[in-house]
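Subject: Structure handover and notes on helix packing

Dear colleague,

I am passing on the structure below, together with some notes on what was found in it. Please read the notes with the model open beside them.

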Amino acid sequence: MEERDFDRCMERIRQGDKEGLKEIYLAYGSYIFHLILGVLQNRENAEDVTSEFFIKLWDLGEKYIPGSGHRAWLSRIARNMAIDFIRANKREVLSDPEQEEWENALEGKDETEEEALSNVTIEEALSRLKPGQREVVHLKIVGDLTFEEIAGLLQVPMGTVTWRYREAIKILRRCGYEA
């Protein structure tokens, strides 16, 4: 969806026209779901937060500034809602023994690393990334955001974003995936 089309839809939302929201949902429903899923790592919770996202978008109609980069704006709202969900549910990321084994393999012998990396699915490869790396890769590839937009969204320096992305790509390449 082009910027001007999104602006028109948001204007329709301001006027109470649900068709504007429907058009945005059709254009960005999957995009928002995958951004939220990238943060929550749980399909059911991501579906719930995605539903809440579009309810919130309806309420935010008055606050949207036309021409301000709607994709980054949508991404920021979705990411913040996912983080708020985690905080509200006090979900802690527990240490995964398989993750520890993986990290030990990477720090250890090359032979062990090669064995650990063979025949790894994309989901397994992504699970090997640190949360910050996974989030940057997700925003860059699925979200199609620039490094500058990601830095603004995550509120971290652009150098940090590019470093996380570069390190993540190294790990994914060792798993046999090219970005």
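Helices (H or I, at least four residues) and strands (E, at least two) are DSSP runs, numbered from the N terminus.

Before the details, a word on provenance. The model is predicted, with local features needing pLDDT of at least 70 and side-chain atom pairs counting only at pLDDT 80 or more, while totals for chains, interfaces and linings use all residues. Residues are numbered from 1 along each chain as its sequence is written, and side-chain values use heavy atoms, with hydrogens and water left out.

Overall architecture

The protein chain holds 10 helices and 0 strands. Of its 179 residues, 39% count as buried, where buried means under 20% relative accessible area, exposed over 50% and partly exposed in between (1.4 Å probe, protein chains only). With contact taken as heavy atoms within 4.5 Å, residues 24 or more positions apart account for 64% of the contacts with a separation of 6 or more.

Helix packing

Helix 3 (residues 43-59) and helix 4 (residues 70-88) pack at an angle of about 130 degrees, with their axes 10 Å apart; axes are lines fitted to C-alpha atoms, for helices over the stretch in contact, and angles run from 0 to 180 degrees between N-to-C directions. That angle makes helix 3 oblique to helix 4, given that angles under 35 degrees count as roughly parallel, over 145 as roughly antiparallel, 65 to 115 as roughly perpendicular and the rest as oblique. The contact is made by N45, V49, E52, F53, K56 and L57 of helix 3, together with W73, L74, I77, A78, M81, A82 and F85 of helix 4. These residues divide into 10 nonpolar, 1 polar and 2 charged, with Ala, Val, Leu, Ile, Met, Phe, Trp, Tyr, Cys and Pro counted as nonpolar, Asp, Glu, Lys and Arg as charged, and the others, Gly among them, as polar.

L145 lies in the loop between helix 8 (131-142) and helix 9, and it is buried, with a relative accessible area of 2%. Leaving aside neighbours within four places in sequence, L145 is in contact with residues including Y31, R71, A72, S75 and L153. The C-alpha atoms of L145 and R71 are separated by 7.9 Å, although these residues are 74 apart along the chain.

Aromatic pairs

A search of the whole structure finds 8 aromatic pairs, where rings of Phe, Tyr and Trp (its six-membered ring) pair if their centres lie within 6.5 Å, and planes under 30 degrees apart count as stacked, over 60 as edge-to-face and the rest as tilted. F6 and Y64 form an edge-to-face pair, 5.2 Å centre to centre with 75 degrees between the planes. F6 and W73 form another edge-to-face pair, at 6.4 Å and 70 degrees; F6 lies in helix 1 and W73 in helix 4, so this pair ties together parts that are 67 residues apart in sequence.

Best regards
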